[in-house]
Every structure is written in structure tokens, then in C-alpha cells.
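Trainee: I'm new to this one. Can you put it up and walk me through it?

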Amino acid sequence: MNIRNQLICAWSAVGFASICLAGFLFANFIPPISPNLSAEEVAAIYSENVLSMRFGILLIMSSAGFICSFAAALAVQMKRIEGDLAPFTYAQLGAGCISTLVFVFAGVFWTGAAFRPDHDPELTRMLNDLGWITLLMTFAPFIIQNIALGLCILSDKQANPVFARWVGYYNLWVAVLFVPGGLLTFFKTGPFAWDGLFVWWVPFAVFFTWYLVMFYILLGAIKRQAQSEPTVAA
Amino acid sequence: MGRLDSGDGIVVAVWTWIGFREKFHYATAAILIITFVKIRFVFLDFMELRTAPWPLRMAFEVWAIAACVTLLGLYSLGV
Amino acid sequence: MSSTYEVTDSAKPHLPGESGVWMFIIGDVLIFSLLFSVFVYDRSQEVALFIEQQQLLNQTFGLVNTLLLLTSSWLVALAVHGARTGHLSQARGCFVLAILGGIGFVVIKYFEWSEKLTADLTIETNNFFMYYYLMTGIHLMHMFIGIGVLVFLWQCVRDAEFNTQGMGVLESGACFWPLVDIVWIALFALLYLMR
């Protein structure tokens, strides 16, 4: 039943959230660099803050791997609901791993911008654009992770469900909130630009809260499993 | 259901009458209020909140008032 | 999930469906409230533009859609009532009609958007149309989900073994549709009517 390994993977959520947030703060990405800035302005931001940005972006990229391990921890508990034939479990796991790549590639593009700040400013801005687009427009893998998790939880028919039902609804609601990210392609200002209310602030708040909420919920589920099957020690 | 149709009827009537006098601001305020009254009927009757535990019903009533007031306030910024 | 489905004592409060679905509904209501607030605020900064562009909207389509959704919501409530009192054929029929109403809404929305797009009014034309397409688009997404839920509920009451156990599921699902209706009523007032 492997309680210890599950716990290790579950705690990776804390690793992800803390390192990633620290990275955003070091890189001064909260709030994001506005999509409305001129190339010279963007290049100026990168060249004036190059050291803290490189470090912050490095932290963001480093934290990304933990998304996978946390998805794996969730998958183990989801499998207790689905059993041998576990499509939602695999969908969640797959989508979670792809989400890792989203953060990695966003970091790669931003690093490209910060690597040689004496570029042509148009190049710097284009790489900066790619970084933000990668991070915020890719709602698709993220929502599959949440939808699979939500539907799996709601399909739990056991007498003692692995997760409380409200967690299932919570995940479905979270999925809905990520979708507006796709709209950033149309706008450079306003609430649907990548620094806007519905593309940055709401998904950002919801995403990190989700990690903390699911971490707490997952610990509870693992603990309940350990208590119900005490014959096999960790 | 009849209450909701009459809500639409009231909206049209208010609209025609006040609108013709070009006092659109009052018309809009009235429309917003009527809109939230209609919304209230939907959540009381169609979502069955009339017979639900009162904390949930209260939450929606409070939201309806707060949302209506907020939107009226924001609307008045541009008037 | 016990005997509360035969609500004989009307003074006793009864939570329709399960509590989790209410969390989803409340969350959705809050997000839409945020969107509407942002819309009205942005509008207050550009009132002339919004009023002028609003004239280009087709109020008839808007009104028909409002009536369609209101009727559809009422039918869903009737269906739930039918299921609760054992009149499953009433429930089945009402769900079918409600679904048709939802489909009708989508069809009208298709015509409405086509009309706008052929007049070269897109999501990028100006702020008013940005909000128009966004708000009606996000609402339309909810419509598709809602229609899916109604189809699922219809299948539930077609099942000959439907009993009071299924009422919880039915009520939970049936709470979503009026939410879609509420959002549209507000949206209609904000986009089509407010001057």
C-alpha cells in the first residue's frame, strides 16, 4: 500500500508551490510583463533585471517536475476509486505530466529572452511573448487534469469514498476558471489579456490554491487508507 | 412562471414609457432592479430555494441585493 | 439521502440535490458576478461607444432567447416535480421539451452571431463587442454543458428502475439549468437593454 512513497509524492505539492512562487517573485512576474509594451520597454526590463530574472525563471523551471509527482500521488488514490480499468486516473496523470512541460517551456522561452539581453529588442519581446503564451494559453492540459479528477471523484460509489464529493465539484469549477486563458490571443489590454483579471489573476490564484487544497485533501485520503488497512506497514 | 412573464412585460412597458421620454438612466435602473427580481424568482422557484435550508437561501438573497447594488453603482460611474 | 424525498411536511427545509453541486453553482455565480462587474465598470468608462454599438444588437433574438430559457427552466422544474411524485412520463416529456428549448437557444445564437460576423463585427472590433462575444460565448459553453446534463437526467428518468435514490442525482443536475437561465437574464439586461 506504500504509504510512505505516497506521502513523499504528495508533499511534492508543497515543493512545487513554494519554489514556483518564489521564482515568480524573484523574476518580478507578479504582475506579468504587459503584452502592450513596446519592444524597447520589454528589452529594458530584461536587461535591467537580468540576474534576478534568470534566477527566478530557473526556480520556476526547477519546480515544474513536482507537478508530475503530485499528479502521480493523486493518481494512486484515484485508482482506488476506479480499480483496474482506470481511464480517468491515466488521463489525470498524463495531463499532469504535460502541465510540467508547460512550465518548463515557458521557462525556456523566458530564459531565451534573458540569455542575451543585448539582442534586437524585437527578438527579446518575441521570446517574452512566447513564454507568457505558453504559460497562460495552454489551459487544455490543465483542465483535463481537473476534469478527470472531478469526474472520477463524483463516480465514487463506495460506502467510504476516497474523496469527499465537494472536491469533485471543486475540481470541475477550477477547470471552468482556466478556460478563459485561451482568449489571450485576441487581446493586448483589458481583462482578457495575459496580464488581465480573467487570464492571469483568477487562474493564478485558483491554480496555487488548488495545489494547497488538494495537498491537504490528499493527505487526508492517504491517512484514511493507512488507517483502514493497517496490516501492511509503510 | 406567470410571475416571470409579467417581469418581461413590465420591462417592456417601463422601457417603452420611460424610454420615449429619453430618461434612459431611470429606465436602466428600473431594468436592473426588475432583472434581479426575476433572477430571484428563478432561484426561489426553479432552483427550489424557497424550501431549502435558510442559510443557503439567505446567501442567494444577499448576493442578489449586493450584485444589483454593485452593478447600479458601477453603472452610475458612467452616467 | 434518506426519506426526505417525500416532502410531506412542507415546513421542513430540504436541500435540493447534494451540497457539493451548490458549491459549484455558488462559485460560478461569483465568477459571473465578477465578469458582469468588470463589464459595467469598463462600460462606464466608454459609455458613448457602448450605447452606440449596442444599437447593432438584435433585440428580438435576445428576447426570444430569454423566453426560451425561462420556459425551459420551468419545464425542468416541472420534470423534477413529476419525478418526485412518480409521474415519470411527465418527467420524461418535460426533459425532452427543455432540451429542445436549449437547442433552440443555440440555433438562434448561431444565427445571431452569423449576422454579426457577416457585418464584420468581431471580438476584436471594439470593447463592446469584445464583451458581447465573451459573455455570450462563456454563457454558450454553459448551455452546452447544461444540455448535456439535461440529456443525462432524461436518461435517468427513462430508466425503469428509477426510484427515490435517483432523486438526489436528479435534483443536483436540475439545479444547474436555472443557473444558466439566471446568467442569461442578467446578461440580456446588461448587453441588450441597459442604456
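Trainee: How many helices and strands does chain C have?

Mentor: Chain C has six helices and zero strands. Helices (H or I, at least four residues) and strands (E, at least two) are DSSP runs, numbered from the N terminus. Keep in mind that this is a predicted model: local features need pLDDT of at least 70, side-chain atom pairs count only at pLDDT 80 or more, and totals for chains, interfaces and linings use all residues. Residues are numbered from 1 along each chain as its sequence is written, while chains are lettered from A and ligands numbered from 1 in the order in which they are written.

Trainee: What does the model score overall?

Mentor: The ipTM is 0.79 and the pTM is 0.81.

Trainee: And what pLDDT does chain C average?

Mentor: It averages 86, and 93% of the residues of chain C score at least 70. pLDDT is the predictor's confidence in each residue, from 0 to 100.

Trainee: Which elements of chain C have the lowest and the highest mean pLDDT?

Mentor: Helix α6 (residues 164-193) of chain C has the lowest, at 87. Helix α4 (residues 88-118) of chain C has the highest, at 93. Over residues 1-9 of chain C the pLDDT is below 50. That stretch has seven contacts in the model beyond near neighbours in sequence. Where pLDDT is low, the predicted coordinates should not be read in detail.

Trainee: What counts as a contact?

Mentor: Two residues are in contact if their C-beta atoms, placed from the backbone, lie within 7 Å. In chain C, residues 24 or more positions apart account for 79% of the contacts with a separation of 6 or more.

Trainee: What box do the C-alpha atoms of chain C fill?

Mentor: Roughly 55 × 30 × 20 Å, taken along the principal axes.

Trainee: Back to α4(C). Why does its span agree with what it should be?

Mentor: At 1.5 Å a residue, its 31 residues should span 45 Å, and its end C-alpha atoms are 45 Å apart, so the two agree. The expected span is 1.5 Å times one less than the number of residues.

Trainee: Which residues of α4(C) are buried?

Mentor: Among them are C:Ala91, C:Cys94, C:Phe95, C:Ala98 and C:Phe105. A residue is buried if 20 or more other C-beta atoms lie within 10 Å of its own, exposed if 12 or fewer, and partly exposed in between; C-beta atoms are placed from the backbone. Across the 195 residues of chain C, 42% count as buried.

Trainee: What do the buried residues of α4(C) pack against?

Mentor: They pack against α3 (59-84) and α5 (127-158) of chain C. Just after α4(C), C:Asp120 takes a positive phi of about 65°.

Trainee: New topic. How many residues of chain C are in contact with chain B?

Mentor: 32 residues of chain C are in contact with 30 residues of chain B. The largest share of this side of chain C, 10 residues, comes from α1(C). By class, the side has 21 nonpolar, eight polar and three charged residues. Ala, Val, Leu, Ile, Met, Phe, Trp, Tyr, Cys and Pro count as nonpolar, Asp, Glu, Lys and Arg as charged, and the others, Gly among them, as polar.

Trainee: And how many with chain A?

Mentor: 13 residues of chain C are in contact with 13 residues of chain A. Helix α1 (residues 19-45) of chain C gives the most to that side, with nine residues.

Trainee: How many helices does chain B have?

Mentor: Chain B has three helices and zero strands. Of its 79 residues, 29% count as buried.
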